Amino acid sequence: MQSLNTALSYFIEQQDLYNEAYGLFSNHDLRPRTHSVQPEVDKRIPLSPELQYLYSHYEMIDVRADGTLKMKNAAVEIGDAALLFFAAPEHLHRQQLGFRWIGMQEPYEESDTWPSHHIVIANLNDDPVIVDAGAPDSPVYVAFEGGEPALAADSLADFFTAIGTLIETARLFAGEVKDEETFETKPEYLLQVQPKLEELLGQKHTARLLEYLSI
């Protein structure tokens, strides 16, 4: 679990530095817990060792959800390019609605095509980030709504390292990684970040992740 611990520490560092300088959200992020806890997760949702570590050692802060029925999640900004929302463990069941569980109201039906070990942990514009909790190291898939999931990182550690790298580089651009006229990602941003991601993830996974993030 050392690689995941290192990846999450790096990610948190870059998230905090970015939020301090350019972040748009207050008290709406991922934070290390002061001590580990047993996460509250629906018993029907299997957690891999990596997800167990994430949820027992890190907390999704969302003050706007306190005392409401809103799904608690943490916002992760990648400059002005992408905004990911990571669901708190106690709301993972709700995060699976429309994927593993389908229907308009309770009782929801379980999909006969969605693998039960595929856990949606986050989303971008309702497009899911999926962890394969049944595979070693918890590989991460991304998908556009209604599309087939595509592998974007061989492990949860690689995924968080990649997101940290994207945030760190976005901070060098003062958060402005998109051309304000064309809305295309600035070539100079890609020139810095793409080689690092390809070294970490490989070319195919990098292409899928950047496409998913619209970068």
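How many nonpolar, polar and charged residues does the lining of the largest pocket have? The lining has seven nonpolar, five polar and two charged residues, where Ala, Val, Leu, Ile, Met, Phe, Trp, Tyr, Cys and Pro count as nonpolar, Asp, Glu, Lys and Arg as charged, and the others, Gly among them, as polar.

The model is predicted, so local features need pLDDT of at least 70 and side-chain atom pairs count only at pLDDT 80 or more, while totals for chains, interfaces and linings use all residues. Residues are numbered from 1 along each chain as its sequence is written, and side-chain values use heavy atoms, with hydrogens and water left out.

A pocket is an open set of points on a 1 Å grid over the protein atoms alone, where a 1.4 Å probe fits, with protein on both sides within 12 Å along at least five of seven lines; lining residues have an atom within 4 Å of a point. The largest pocket holds about 220 Å³ of space, a volume being the space filled by probe spheres set on the points. Of its 14 lining residues, W114, G146, G147, E148 and P149 lie nearest the centre.

The second largest pocket holds about 160 Å³. Its lining consists of Q95, L97, G98, F99, N123, D126, D127, P128 and E145, which divide into three nonpolar, three polar and three charged residues.

Turning to the aromatic rings, the count comes to seven aromatic pairs, a pair being rings of Phe, Tyr and Trp (its six-membered ring) with centres within 6.5 Å. F159 and F160 form an edge-to-face pair (planes over 60 degrees apart), at 5.6 Å centre to centre and 75 degrees between the planes. Both residues are buried (under 20% relative accessible area, 1.4 Å probe, protein chains only). F159 and F160 also belong to one aromatic cluster with F11 and F86.

Technical notes. Rings of Phe, Tyr and Trp (its six-membered ring) pair if their centres lie within 6.5 Å; planes under 30 degrees apart count as stacked, over 60 as edge-to-face and the rest as tilted. Buried means under 20% relative accessible area, exposed over 50%, partly exposed in between (1.4 Å probe, protein chains only).
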